[in-house]
Amino acid sequence: MKITIDVLGIFLKIVIKVNKMTFAPLVVSTLFILLTSLLAHCARKLTTKLIKDPFVKILFEEAIAAAELCGCCFELIIIADNFGVATYAIFLFVLTIWWSLNWGDATACPYTHLEEYVEGKIDIRKMLLKTFAELTGGLLVFKYVQMYWALEISDTHKDRAFEDCKADLQVPMFYGAIVEGIATCICRLSSKSLGDLSPKFATAIDSFIGTSLVVAGVLFRNTEYIFTYLDRSTSSDLSVSVLCKVKLGKAFDYSGGYFNPVLATSLKYGCDGNTIIEHGVVYWVGACAGALLSIYLYKMPFVQKFIHGSSDTNGSIWDESKEE
C-alpha cells in the first residue's frame, strides 16, 4: 500500500500550532530561504537540460541567481529585524558559500560584467544583456516574496507584504556613493586576490570577508575610533598634538551597505526617501566606480607585492608551503 505524506502541509500545521513560541518565526524564515534556494537549484538544472546555447544559458542563469539572491535577502531583512545581527550574519555566511558553490559562472552582479568589458573579455552587448537579465530576475522575485509574506504564517510577516518601504540613504547622494564605492572596491580586491591565490577554503574566506563588510556597519554603527598622538620630545622647540576621531561601521547608517546594484534596486527602488537619480548614483554609479577602481588598484605594484610577496620573502602571505 502506497502512503503519501504531505511534508509541507504537516510542517505548516506544526508551525501554525506552535506559532507563539519564540523559534517558530525563525523556522518559517528558514523554510522560505530553503524553498527559494531549492526552486532556484531546480531552475538551474532545468536550464542546463533544455538550453544548449551557452550565452542564452548564462542569461537564464544570471536571472535565476539574481532572483535567488534578492529573494533570500528580502527574508534576511526579516531575520535581522527580529533575531539580531548575529543570526543574520550566520545565515548570510552560509548562503554566500551556497551561492559560490552552485551559481557556476553566474554572478548576479552587474559590475562584474562591467569589469569584463573594461578588460576586453566581453563586448558591450553581452554586458548589457547580462545586466538586464539580472535586473529582470531581481525585480520579478518580489511578487514571489510578497505572496509568501501575505500568508502571514509568522507574526514577523504581518503587514510586511504591502507595507510602504523606506530608503536607507541617510546622507547626501555623493557621500552615499563614496561609501558604496569604497566597500565594493574592498570586496572586489579580496575576491580577485582569493581567485589568483586559491588558498585552502577560499570560498569560506571570501564568504567571511563579504559577510564582515555587510555586518560591520551594524555591529559598529555607534563605535568611534580615537587616535591620539603627542610629541613629548624635550629637544624640540615645538610640541605637536594630534587627535583624530573616526566613526566606524556607518555603511548601514549612510547608504544601507548593499554593494550590489541589482540587490539594492530589487530591495529599495521606489522606496520613500530616494529619487531615481539618487538611487542610480549611489547604488549603480558608486558601486560600479568602486569595482572599476579595484581593477587598477589590483594591478599596482605595492598591492601585488603585498598579495604575492616579494623575492625577499620567498612567497606570499597566503603561501600554504609555510604551513607544511
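Predicted model: local features only at pLDDT ≥ 70, side-chain atom pairs only at ≥ 80, totals over all residues.
Trainee: OK, so how many helices and strands does the chain have?

Mentor: The chain has 11 helices and two strands, where helices (H or I, at least four residues) and strands (E, at least two) are DSSP runs numbered from the N terminus. Read from the N terminus on, the order of elements is α-α-α-α-α-α-α-β-β-α-α-α-α.

Trainee: And how much of the chain is buried?

Mentor: Of the 324 residues, 41% count as buried, a word that stands for under 20% relative accessible area, with exposed meaning over 50% and partly exposed in between (1.4 Å probe, protein chains only). The accessible surface of the chain comes to about 18700 Å², and 65% of that belongs to carbon and sulfur atoms; such areas come from the Shrake-Rupley method with a 1.4 Å probe, and for residues only the protein chains shown count as cover.

Trainee: Let's pick a helix. Why is α9 largely enclosed?

Mentor: Helix α9 spans residues 261-268, and eight of its eight residues are buried, so the rest of the structure largely encloses it. The buried residues of α9 include Pro-261, Leu-263 and Lys-268.

Trainee: What covers them?

Mentor: The cover includes α3 (54-102), α4 (110-118), α5 (124-150) and α10 (276-299).

Trainee: What happens at the start of α9, and what follows the helix?

Mentor: At the start, a side-chain oxygen of Asn-260 reaches to within 3.0 Å of the backbone nitrogen of Val-262. After the helix comes Gly-270, with a positive phi near 85°.

Trainee: Which residue has a positive phi although it is not a glycine?

Mentor: Phe-259 is one of them, with a phi of about 60°, and its place is in the loop between α8 (251-254) and α9. Phe-259 is buried, at a relative accessible area of 6%. Glu-152 also has a positive phi, near 50°; Glu-152 lies in the loop between α5 and α6 and counts as partly exposed, at 37% relative accessibility.

Trainee: Switching to rings, how many aromatic pairs does the count come to?

Mentor: The count comes to six aromatic pairs, where rings of Phe, Tyr and Trp (its six-membered ring) pair if their centres lie within 6.5 Å, and planes under 30 degrees apart are stacked, over 60 edge-to-face and the rest tilted. In one of them, Phe-32 and Tyr-144 have ring centres 5.3 Å apart and planes at 25°, so the pair is stacked. That pair links distant parts of the chain, since Phe-32 is in helix α2 (residues 24-50) and Tyr-144 in helix α5, 112 residues apart.

Trainee: What else does Phe-32 pair with?

Mentor: Phe-32 also forms a tilted pair with Tyr-148, at 4.6 Å centre to centre and 40° between the planes. Tyr-148 lies in helix α5 and Phe-32 in helix α2, so this pair ties together parts 116 residues apart in sequence. Both Phe-32 and Tyr-148 are buried, and Phe-32, Tyr-144 and Tyr-148 form one aromatic cluster.

Trainee: Now the nonpolar core: how many residues does the largest one have?

Mentor: The largest has 41 residues, and those with the most contacts inside it are Leu-76 and Trp-99; a nonpolar core is a set of buried Ala, Val, Leu, Ile, Met, Phe, Trp, Tyr and Cys residues joined through side-chain atoms within 4.5 Å. The elements giving two or more residues to this core are α2, α3, α5, α6 (173-197), α9 and α10, and the largest share, 16 residues, comes from α3.

Trainee: Which residues is Trp-99 in contact with?

Mentor: Setting aside neighbours within four places in sequence, Trp-99 is in contact with Glu-68, Leu-69, Cys-72, Cys-73 and Leu-92, where contact means heavy atoms within 4.5 Å.

Notes:
Residues numbered from 1 in each chain as written. Heavy atoms only, no water. Polar contact = N/O pair within 3.5 Å; in protein donor to acceptor, adjacent residues only side chain to side chain.
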